[in-house]
Amino acid sequence: MPPSHTSATNPHILILMRHSEAADGGHDYARPLTARGRQLAALQGSAIVQATAEIDLALVSSAARTLQTLTAMRSAGLPVHSVSAERTLYSASPEEALNLIRATPESIHTLLVLFHQPAVAALTFMLTDPADRPLLRSGFSPATFALGTSAAPWAALVHWSQPHIWHPLI
């Protein structure tokens, strides 16, 4: 079970991720992943396992490509204990996404938020200390994720520490 509290020695882990590569055309909400997108998502799922071991809760946009990204990550071995498909993440502003994060129960240690550009990059930028923002210059291509920690309660999240960006390697 996830810990019931967070401290400086056991901070929350937050992962902000852009969905993987999606097919062109059709209704945007229903666009599926490409074969390459499924492969990239699986690789990133393995990278998350190496970085955090497991996800307590995944807040995922209910668009087809984000749900398929999570499915591919889980099929690559990423343990996700609970999933909440959130329609609001489809068109969420960075502030709206942050409000969802702030509503996360304190019992959740590791949180994945899987959604769309430009909100993913903008929220990552907002949470990152100005001294660490050069890490963000390489952008947020499909399947990129950022991981950071915070000793603050979810409800008080303003900044994170030790941010890292993982870009797909293929």
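1. The buried residues of helix H3 (94-102) are covered by elements that include E1, E4 and H4, where contact means heavy atoms within 4.5 Å. The buried positions in H3 are Pro94, Ala97, Leu98 and Ile101, buried being under 20% relative accessible area, exposed over 50% and partly exposed in between (1.4 Å probe, protein chains only). Seen down the helix axis, these buried residues of H3 fall within an arc of 100 degrees, so they line one face of the helix; the arc is that of the directions from the helix axis to the C-beta atoms. Helices (H or I, at least four residues) and strands (E, at least two) are DSSP runs, numbered from the N terminus.

2. The basis of these values should be kept in mind: this is a predicted model, in which local features need pLDDT of at least 70 and side-chain atom pairs count only at pLDDT 80 or more, while totals for chains, interfaces and linings use all residues. Residues are numbered from 1 along each chain as its sequence is written, and side-chain values use heavy atoms, with hydrogens and water left out.

3. The largest nonpolar core has 22 residues, of which Leu14, Leu16, Ile101, Leu111, Val113 and Phe115 touch the most other members; such a core is a set of buried Ala, Val, Leu, Ile, Met, Phe, Trp, Tyr and Cys residues joined through side-chain atoms within 4.5 Å. At least two residues each come from strand E1 (12-18), strand E2 (57-61), H3, strand E4 (110-115) and helix H4 (119-127), with H4 giving the largest share, four residues. Leaving aside residues up to four places away in sequence, the contacts of Phe115 include Leu16, Leu89, Ala97, Val120 and Leu123. A second, separate core of 20 residues includes Ile13, Ala47, Val60 and Leu70.

4. The sheet is open and has six strands in the order E3-E2-E4-E1-E5-E6, with mixed pairing; two strands pair if DSSP finds at least two bridges between them. Strand E3 (83-86) and E6 are the edge strands, each pairing on one side only. E2 and E3 pair in the parallel sense over four bridges, and Leu59 stands opposite Ser84 in E3.

5. E1 and E5 pair in the antiparallel sense over six bridges, with Ala146 as the bridge partner of Leu16, whereas the antiparallel pairing of E5 with strand E6 (residues 161-166) runs over four bridges and places Phe145 opposite Trp166.

6. There are three salt bridges, each defined by a side-chain nitrogen of Lys or Arg within 4 Å of a carboxyl oxygen of Asp or Glu. Glu21 and Arg36 meet at 3.0 Å, N to O; Glu21 lies in the loop between E1 and helix H1 (35-52) and Arg36 in helix H1, so the pair ties together parts that are 15 residues apart in sequence.

7. Asp28 forms salt bridges with Arg31, the closest N and O atoms being 3.0 Å apart, and with Arg65 at 3.1 Å, N to O. The latter pair links distant parts of the chain, 37 residues apart, with Arg65 in helix H2 (residues 64-75) and Asp28 in the loop between E1 and H1. Through shared partners, Asp28, Arg31 and Arg65 form one network. Arg65 is buried at 4% relative accessible area, as is Arg31 at 16%, while Asp28 is partly exposed at 31%.
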